[in-house]
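Hello,

Here is the structure I promised to hand over. Please look it over first; my notes on it follow below.

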Amino acid sequence: MSTFVTLLRADDAAAARSRVVWAIAGVGAAWAVLIAVLARGSDAVGRQHALQADGASLMLLGGLVAALTLGASAFPGDAHSGYLGMLVGAGADRRTIAAARVLARLGTLAGMLALWWAILELDSWSLGLGFDEALTTHTLAMLVNNGLALAAAALMSSLIGAVASGVFGLMVFVTAQAVVNLKAALDQGAVAHDPTGIITPMYVALPRGIVSPMLEAHQREGIRSLAAPKLTVNGYDVIVPSSPWPNVVWTLAWIAVLVALATFGLRRRQL
């Protein structure tokens with residue numbers, strides 16, 4: 001346990017010194033400040049909708065860039081430089097190294113989203129809207145979604161290069177959202193039946209994108225953003241409902257599985 005804590009602290013410190021991490025966090029923070037500027041001038045309802053829609057876009061794009069960057073870069077650089085090999089040579093267990101590194105990067109991702117959320121909440125107060133509980137819930141939902149992408153990218157980075165790992169993480173993220181979109185289309189009759197017989201099995205087996213109540217409300221009210229685009233299937237408008245707790249637990253379980261697999265992946269990587 002002491003080795004794990006030491007490695008976790010070392011990885012946290014390394015992330016805190018990373019220029020790339022600071023650059024992504026800084027661009028996201030500037031975007032969050034700009035959101036408040038752009039939301040001014042309308043009525044209270046309009047300001048709230050603008051803040052939430054643009055904030056959701058920030059959590060989607062900014063969070064995904066942060067997640068894929070952190071996950072895809074988890075192992076390749078230090079494996080090639082010999083740093084990971086040095087840790088193993090010093091007696092550290094490969095599984096402990098991998099677990100500490102991925103969990104540290106999940107913590108870094110959480111810190112970045114928390115920073116942007118805090119700025120958005122300050123935006124809400126500055127616009128006279130007070131504390132935005134819906135935006136807080138949405139941030140937590142996006143932490144799960146982006147955490148899934150990070151864990152998937154980290155798994156592959158324990159085996160292969162950074163670029164391919166980032167692509168894999170993006171594919172997992174998109175697939176998780178596609179699964180819930182297709183299930184919503186099936187449940188709402190936009191798809192008369194499951195012609196291929198794979199929608200329900202995919203929904204049961206694969207990780208599921210988490211949809212916050214805020215995004216469901218935006219879809220119903222026609223508030224469009226990058227995070228809540230109009231979804232039309234076979235000419236029918238489909239509303240993707242907010243995720244129930246079992247979906248959240250299922251996706252968190254998938255994240256845990258991906259982290260565990262990353263620990264086994266590093267055992268097979270040449271260091």
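At the start of helix H6, a side-chain oxygen of Asp93 comes to within 3.0 Å of the backbone nitrogen of Arg95. That is a polar contact (a pair of N or O atoms within 3.5 Å; within protein, one must be able to donate a hydrogen and the other to accept it, and residues adjacent in sequence count only if both atoms are side-chain atoms). H6 itself covers residues 94-126, 33 residues in all. From first C-alpha to last it reaches 48 Å, close to the 48 Å expected at 1.5 Å a residue. The expected span is 1.5 Å times one less than the number of residues. Just after H6, Gly128 has a positive phi of about 80 degrees.

A word on the source. This is a predicted model, in which local features need pLDDT of at least 70 and side-chain atom pairs count only at pLDDT 80 or more, while totals for chains, interfaces and linings use all residues. Residues are numbered from 1 along each chain as its sequence is written, and side-chain values use heavy atoms, with hydrogens and water left out.

Now the whole chain. It has 11 helices and 2 strands. Helices (H or I, at least four residues) and strands (E, at least two) are DSSP runs, numbered from the N terminus. In order, the elements read α-α-α-α-α-α-α-α-α-α-β-β-α. The radius of gyration is 20 Å, close to the 18 Å that the globule rule gives for 271 residues, so the chain is as compact as a globular protein of that length. The radius is taken over C-alpha atoms, and the rule is 2.2 Å times the number of residues to the power 0.38. Along the principal axes, the C-alpha atoms fill a box of roughly 60 × 50 × 30 Å.

Of the 271 residues, 47% are buried. Buried means under 20% relative accessible area, exposed over 50%, and partly exposed in between (1.4 Å probe, protein chains only).

Next, the salt bridges. How many does a search of the whole structure find? It finds 5. The term means a side-chain nitrogen of Lys or Arg within 4 Å of a carboxyl oxygen of Asp or Glu.

One of them joins Asp11 and Arg101, at 3.3 Å, N to O. Asp11 lies in helix H1 (residues 2-17) and Arg101 in H6, so the pair ties together parts 90 residues apart in sequence. Asp11 is buried at 14% relative accessible area. Arg101 is buried at 3%.

Another pairs Arg220 with Glu216, at 3.0 Å, N to O. Both sit in helix H10 (residues 213-221), 4 residues apart, about one turn of the helix. Arg220 is exposed at 56% relative accessibility, while Glu216 is buried at 16%.

Asp237 also forms one with Lys230, the closest N and O atoms being 3.9 Å apart. Asp237 is partly exposed at 49%; Lys230 is exposed at 52%.

Last, Ala25, which is in helix H2 (residues 19-39). Ala25 counts as buried, at 9% relative accessibility. Leaving out residues up to four places away in sequence, Ala25 touches Met112, Leu115 and Trp116.

Best wishes

Methods: Contact means heavy atoms within 4.5 Å.
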